[in-house]
Amino acid sequence: MSTAPAKAAPVERKELHHPKDTMLREDRLPHIWCPTCGIGTAVSCFVEALRETNIPEEKVAVVSGIGCTGRVAGYVNLDSFHTTHGRAIPFATGLALAKPDMKVVVFSGDGDLVAIGGNHIINAARRNMNITVICINNFIYGMTGGQCASTTPQIAKTSTTPTGNTDYPFNVPYLMDACGATYIARWTVLHIRRLKKAMGEALNKKGFSFIEVIAPCATLYARRNRLGTGFDLMKFYHDNSEIQHGADTKMVDIGFQEKIICGKFVDIDKPTFLERYRGETNGGGK
Amino acid sequence: MSEQAVLTGEHFMTGDEAAAEGGLAAGCRFFGGYPITPATEVTEVMAKRLPGVGGVFIQMEDEMASMNTLLGAAWGGMKSMTSTSGPGFSLMMENLGLGIITETPCVLVNVQRGGPSTGLPTLVGQQDMMQAKWGSHGDYEIIALAPSSPQEAFDFTIHAFNFSEQYRLPVLLMMDESVGHMFEKVVIPKAEDIKLVPRRITKDKPADYLPFKPDDDLVPPMIEFGEGYRVHITGLTHDEKGYPVINAEAQQPLVRRLCEKITKNADKIYMYDERELDDAEVVVISYGITARIAQQVVNECRAEGKKVGHLRLITCWPFPEPIVRKLADRIKGFVVPEINLGQMSLEVERVAGRGIPTICVPNAGGEVHNPEDIHAVIREVLK
């Protein structure tokens, strides 16, 4: 006599979601970034850092310019605006002044922020506008195919410096320091714990906070300079990064395949633009 | 907030000052600007007045930044405004386009001076009229108003804000140096008598809201950042959700709608002033300061028994085609004086066709027309 096989108890399946899914626009993934690009790692650090702050997500806006990093605004599940090339900071300025209860974060690349947007970043830092700027520095214009940037180290080859860059690059933390930024840090995307911590500190900071994130561009920068794969660049960061908190920003410039000094360089407090404008401090205003 | 936003009463002020007061009366509480002659006085009035009415003034580092702060402030829920002149207007073209594609309401005052380039900083021009329509890259439609007096600078700035909210786009007040620096009586009504169009805020909940899904009039309702809608707004071609879509299937309906929300509502937007058109054989078409000289010439012609009328454009863009076409069917010709070498006259000619002459009375700038120059052309057309 045979018996019907026992009916297997239904397996309860939980719908699986990545822990960061609510922070990202799932319906926009996969993203456009190349394998081993550093931007995704920085975004990952950012959403984790944001989650660990007490800032309500609906009170955070991300503003980007144009370029590979300019696409960040389109992937974070927050109010986000993708401006024209170089203009993320003035848009963020208008938004931060209209909505003082919001945390406005500019997430963009070195070409966007420091070259075409250079006038805006220096003036926003000078005013101590209440925004956080995360600058992904991959030493090159990625989106347009690997042209020389104002951050490209001397000697490095790009599509517009085929025999090697002859220009002096910006030392971005030094530039921001000179303009009066209240928080300045630099980390590579290898330093995910420290980068996340720095992002948390910047998000909680009142005033103009700035983080330079050194990130690999294997597709263009590494390939053209025969530096290997993205993994090789990360290994380079591992072997050549030196943590010097409080370093004199004048000394943190980056040469071609030379030491990268990382750390928190500046962390000071002073009244923001709006506090001075509203006469809420002794820093001026009415 | 301790001061009056609406300075109800009679004043003696310039067009520049009146434009600033018009902005405040319209509810503008954010001004991002950069000094430039002959528009600086708009900026200065806003710098002085905004803190007292709970607003924010910020002097930006350049005009590209100024224009972008307006967009940021607008998405933060504020009515925002800037002022400039030719060289700054050129710099604002980049982010005028961003305002168009992201459908961001704001108002830009251009106090026109003579160009090209640095040109005549302190002297009059009307040479940016085509730039207003075509200056930013890509296809778009714009709304541009031209005041002929300080009173109209006040009134039309309010209209500009109302149009910007109704149709969700940057609206241009195309003033000129003469009107901007002219002192005249300006009557500011009571606040409750000023009709304001509120922002078209969506009634949808965040889960249902599509930022670029238009209403029947082709204009999508808006939101304000920081209210939990988690929108993505981009200068890239996008779908109704606001997400970038880089193909012809997304481009075609988006760009057509951006244009059609103006062209299909144009009958509700056109503003012009008709003077003695009923029996006119020749019609002078003008705008801004030039309309005041033109009206004097028309009055002289009428005194001489000549059948001359005057169509004064208030909305230069959208260009009021129906009235011009109607007139073209029955008159002998159009005479178009303007302080440029022929800009709006090209538009008149396009609409009027080749059946009748459209004659520009050109003036390269630096001074207003000599009435006799306009008179001479009218006599020629009447022959």
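Modeller: Start with helix H2 (residues 88–98) of chain A: 11 of its 11 residues are buried, so the helix is largely enclosed by the rest of the structure. Keep in mind that this is a predicted model.

Biologist: Which residues of H2(A) are buried?

Modeller: They are A:Ala88, A:Ile89, A:Pro90, A:Phe91, A:Ala92, A:Thr93, A:Gly94, A:Leu95, A:Ala96, A:Leu97 and A:Ala98.

Biologist: Why is B:Ser148 called buried?

Modeller: Its relative accessible area is 5%, and buried means under 20%. The value is under the cut-off, so B:Ser148 is buried. This residue sits in the loop between strand E7 (143–145) and helix H6 (150–167) of chain B.

Biologist: What is B:Ser148 in contact with, leaving aside its neighbours within four places in sequence?

Modeller: B:Ser148 touches B:Val179, B:Tyr287, B:Gly288, B:Ala291, B:Arg292 and B:Arg312. Contact here requires heavy atoms within 4.5 Å.

Biologist: What is the strand order in the open sheet of nine strands?

Modeller: The order is E9(A)-E10(A)-E7(A)-E8(A)-E4(A)-E3(A)-E1(A)-E2(A)-E10(B), and the pairing is mixed.

Biologist: Why are strand E9 (241–243) of chain A and strand E10 (232–234) of chain B said to stand at the edges?

Modeller: Each has a single partner strand, so one side of each is left without a neighbour in the sheet. Direction ignored, neighbouring strands of this sheet are turned by 20° against each other on average.

Biologist: Why is E1(A) called largely enclosed?

Modeller: Five of its five residues are buried, so the rest of the structure largely encloses E1(A). Both of its faces are covered, with A:Val60, A:Val62 and A:Ser64 buried on one side and A:Ala61 and A:Val63 buried on the other.

Biologist: How many cavities of 30 Å³ or more does a search of the whole structure find?

Modeller: The search finds two. About 100 Å³ of space lies in the largest cavity. Of the 16 residues that line this largest cavity, A:Phe139, A:Tyr221, A:Phe236, A:Tyr237 and A:Gln257 are closest to its centre. By class, its lining has 12 nonpolar, three polar and one charged.

Biologist: Which element gives the most to the lining of the largest cavity?

Modeller: H8(A) does, with three residues. Helix H8 (residues 230–240) of chain A lies across strand E7 (183–188), strand E8 (209–214), E9 and strand E10 (260–267) of chain A, at about 40° to E9(A).

Biologist: Is A:Phe139 buried or exposed?

Modeller: A:Phe139 has a relative accessible area of 7%. That is under 20%, so A:Phe139 is buried. Phi of A:Phe139 is near 70°, a positive value in a residue other than glycine. Most residues other than glycine have a negative phi.

Biologist: Why is A:Gln257 called partly exposed?

Modeller: A:Gln257 has a relative accessible area of 29%, so it is partly exposed. Phi of A:Gln257 is near 55°, again a positive value in a residue other than glycine. A:Gln257 is found in the loop between E9 and E10 of chain A.

Biologist: What is the volume of the largest pocket?

Modeller: Its volume is about 380 Å³. The pocket is lined by 21 residues, with B:Gly97, B:Leu98, B:Ile101, B:His137 and B:Gly235 nearest its centre. H4(B) supplies the largest share of the lining, five residues.

Notes: Residues are numbered from 1 along each chain as its sequence is written. Chains are lettered from A and ligands numbered from 1 in the order in which they are written. This is a predicted model: local features need pLDDT of at least 70, side-chain atom pairs count only at pLDDT 80 or more; totals for chains, interfaces and linings use all residues. Side-chain values use heavy atoms; hydrogens and water are left out. On a 1 Å grid over the protein atoms alone, a cavity is a set of points where a 1.4 Å probe fits but cannot get out, and a pocket is an open set with protein on both sides within 12 Å along at least five of seven lines; lining residues have an atom within 4 Å of a point. Grid points are joined across faces, edges and corners, and a volume is the space filled by probe spheres set on the points. Helices (H or I, at least four residues) and strands (E, at least two) are DSSP runs, numbered from the N terminus. Buried means under 20% relative accessible area, exposed over 50%, partly exposed in between (1.4 Å probe, protein chains only). Two strands pair if DSSP finds at least two bridges between them. Axes are lines fitted to C-alpha atoms, for helices over the stretch in contact, and angles run from 0 to 180 degrees between N-to-C directions. Ala, Val, Leu, Ile, Met, Phe, Trp, Tyr, Cys and Pro count as nonpolar, Asp, Glu, Lys and Arg as charged, and the others, Gly among them, as polar.
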